[in-house]
Amino acid sequence: MSTGAPRPAIGAVVLTMNDRPEEFPRAMASLLAQEGVELDVVVVGNGCAPAQVPGGVRTVALPENVGIPEGRNIGAENVKGDFVFFFDNDAVIPTTDALARLAAELERDAHLAYVQPRIADPDTGVTLRRWVPRLRAGDATRPGTVTVMAEGVVMVRRSMYELAGRWPGHFFLFHEGIDLAWRLWHHGHTGLYKPDVLVHHPATNPARHERFYRLNARNRVWLARRNLPAPLVPLNLATWTLITVWRFRDRNALRASLAGFREGLREDPGTRSPMSWRTVARLTTAGRPPIF
């Protein structure tokens with residue numbers, strides 16, 4: 001009779017649109033190879049019936065593309081586990097103990113809501129700035145407490161994910177990770193960046209998407225309107241607008257961003273639940289005041 005501790009129970013959620021016939025099988029093989037955990041996996045077809053799914057893995061076929069955050073929400077409803085691992089379908093886990101090591105961090109600290117590994121391009125080894133969940137992203141190998149997340153590869157404690165209201169499904173794409181992280185912090189919890197656990201992911205440019213600029217801007221407005229105390233909303237948006245105008249040299253990109261900004265102001269951002277000033281102070285002390 002075994003006297004060892006029970007293995008952590010992890011539900012893994014993978015989305016697919018059947019558009020990565022080479023990357024998806026590699027991603028799934030690396031996920032299913034994880035050791036030391038009780039793993040329950042579901043593949044959600046966002047507007048399709050999932051193809052190339054390994055035997056024994058459940059699937060959910062959605063009749064239309066509901067967007068990445070809502071697809072992840074649906075996936076989380078269909079897996080069991082104390083922790084939920086959200087995994088991009090073009091990522092690869094190069095070691096078999098990665099999930100066990102991430103789960104160990106969550107088991108070690110009851111206040112920890114999420115833990116993110118280091119994401120790096122498999123060919124160059126480069127970790128993009130947007131994958132490092134802090135403002136000072138120059139050293140991608142520095143671990144520590146973080147206030148945002150790169151949502152494509154992250155493990156979240158299920159109870160806290162549910163308490164925080166899950167991903168903002170109506171965002172469709174972009175900034176849903178900051179929204180969830182802020183609400184997790186609002187409930188008194190924290191996040192951890194653990195760069196000694198590595199996941200490979202191709203360093204693609206999100207701006208290749210036609211609607212990138214509009215949705216990026218719209219969701220940035222929604223993020224502020226949903227989560228910030230009223231006095232910080234204009235400060236946050238003014239800071240973002242100045243940075244955007246300063247960075248962009250492409251007039252079409254700037255025009256699309258401003259259209260998204262106006263859309264974010266006009267349309268309903270979803271349930272407003274402003275964080276407390278205590279949370280603002282905690283985020284600031286942790287290295288990222290919520291005005292950027």
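Mentor: We begin with a cut-off: a residue is called buried when its relative accessible area is under 20%, and exposed when that area is over 50%. Please keep in mind that this is a predicted model.

Trainee: Is asparagine 216 buried or exposed?

Mentor: Asparagine 216 has a relative accessible area of 17%, and because the cut-off for burial is under 20%, asparagine 216 counts as buried. This residue lies in helix H6, which runs over residues 212-227, and, leaving aside residues up to four places away in sequence, asparagine 216 touches Phe174, His175 and Trp240.

Trainee: Which residues of H8 are buried, and where around the axis do they lie?

Mentor: The buried residues of H8 are Ala253, Ser257, Gly260, Phe261, Glu263 and Gly264. They cover an arc of only 160 degrees around the axis, so they lie on the same side of H8. The face turned away from that buried side carries the exposed residues Arg251, Asn252, Arg255 and Arg266, while the cover over the buried residues of H8 includes H6 and helix H7 (232-247).

Trainee: What share of the residues in the protein is buried?

Mentor: Buried residues make up 51% of the 292 residues, in a protein that has 9 helices and 8 strands.

Notes: Residues are numbered from 1 along each chain as its sequence is written. This is a predicted model: local features need pLDDT of at least 70, side-chain atom pairs count only at pLDDT 80 or more; totals for chains, interfaces and linings use all residues. Side-chain values use heavy atoms; hydrogens and water are left out. Helices (H or I, at least four residues) and strands (E, at least two) are DSSP runs, numbered from the N terminus. Buried means under 20% relative accessible area, exposed over 50%, partly exposed in between (1.4 Å probe, protein chains only). Contact means heavy atoms within 4.5 Å. The arc is that of the directions from the helix axis to the C-beta atoms.
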